[in-house]
Amino acid sequence: MDPDERPFTGFASLVRRARRERGQSQRQLSRALGMSDGYVGHLESGRFRPNVQTLKAVSEVLGLTYGQLAVETGYITRDEFENPIDEGQLARLNEIGDLTEQ
């Protein structure tokens, strides 16, 4: 299989490893997540990017760091995860949060 067909293998490996460490089958994980067995199989394939809600659920059920999952799926960069914004940057974002195009 072409590696380009599995762009999220880092995420898939994290999920699979955490599930196995907990002694869970894919079916047990799917029940805990409230998702189909097939969907969990797809998560562990690394072929597609799960949405943010799925990342949150996986984080909670498997005890994985949400930020690490977000990095592995490309929602944030490793630098953003390792160097979060400081209070000054956060204050600035809050100041401009209500800007409109006008």
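This is a predicted model: local features need pLDDT of at least 70, side-chain atom pairs count only at pLDDT 80 or more; totals for chains, interfaces and linings use all residues.
Angles under 35 degrees between two axes count as roughly parallel.

**α1 against α4**
- Where α1 crosses α4, the handedness is left-handed.
- On the α1 side, the contact uses F11, V15, A18 and R19, and these meet L55, V58 and L62 on the α4 side.
- Sorted by class, this contact of α1 with α4 holds six nonpolar residues and one charged residue, with no polar ones.

**α2 against α4**
- Helix α2 (residues 26-33) packs with α4 at an angle of about 115 degrees, and their axes are 10 Å apart.
- Angles of 65 to 115 degrees count as roughly perpendicular, so α2 and α4 are roughly perpendicular to each other.
- The crossing of α2 past α4 is right-handed.
- L29, A32 and L33 of α2 make the contact with A57, V58, V61 and L62 of α4.
- By class, the contact of α2 with α4 has seven nonpolar residues, no polar ones and no charged ones.

**Aromatic rings**
- Searching the whole structure turns up one aromatic pair.
- The face of Y75 has R49 lying over it, at 3.9 Å from the ring centre.

Notes: Residues are numbered from 1 along each chain as its sequence is written. Side-chain values use heavy atoms; hydrogens and water are left out. A crossing is left-handed if the near helix is turned anticlockwise from the far one by less than a right angle, and right-handed if clockwise. Helices (H or I, at least four residues) and strands (E, at least two) are DSSP runs, numbered from the N terminus. Contact means heavy atoms within 4.5 Å. Ala, Val, Leu, Ile, Met, Phe, Trp, Tyr, Cys and Pro count as nonpolar, Asp, Glu, Lys and Arg as charged, and the others, Gly among them, as polar. Rings of Phe, Tyr and Trp (its six-membered ring) pair if their centres lie within 6.5 Å; planes under 30 degrees apart count as stacked, over 60 as edge-to-face and the rest as tilted. A charge sits over a ring if NZ of Lys or CZ of Arg is within 6 Å of the ring centre and within 35 degrees of the ring normal. Axes are lines fitted to C-alpha atoms, for helices over the stretch in contact, and angles run from 0 to 180 degrees between N-to-C directions. Angles under 35 degrees count as roughly parallel, over 145 as roughly antiparallel, 65 to 115 as roughly perpendicular and the rest as oblique.
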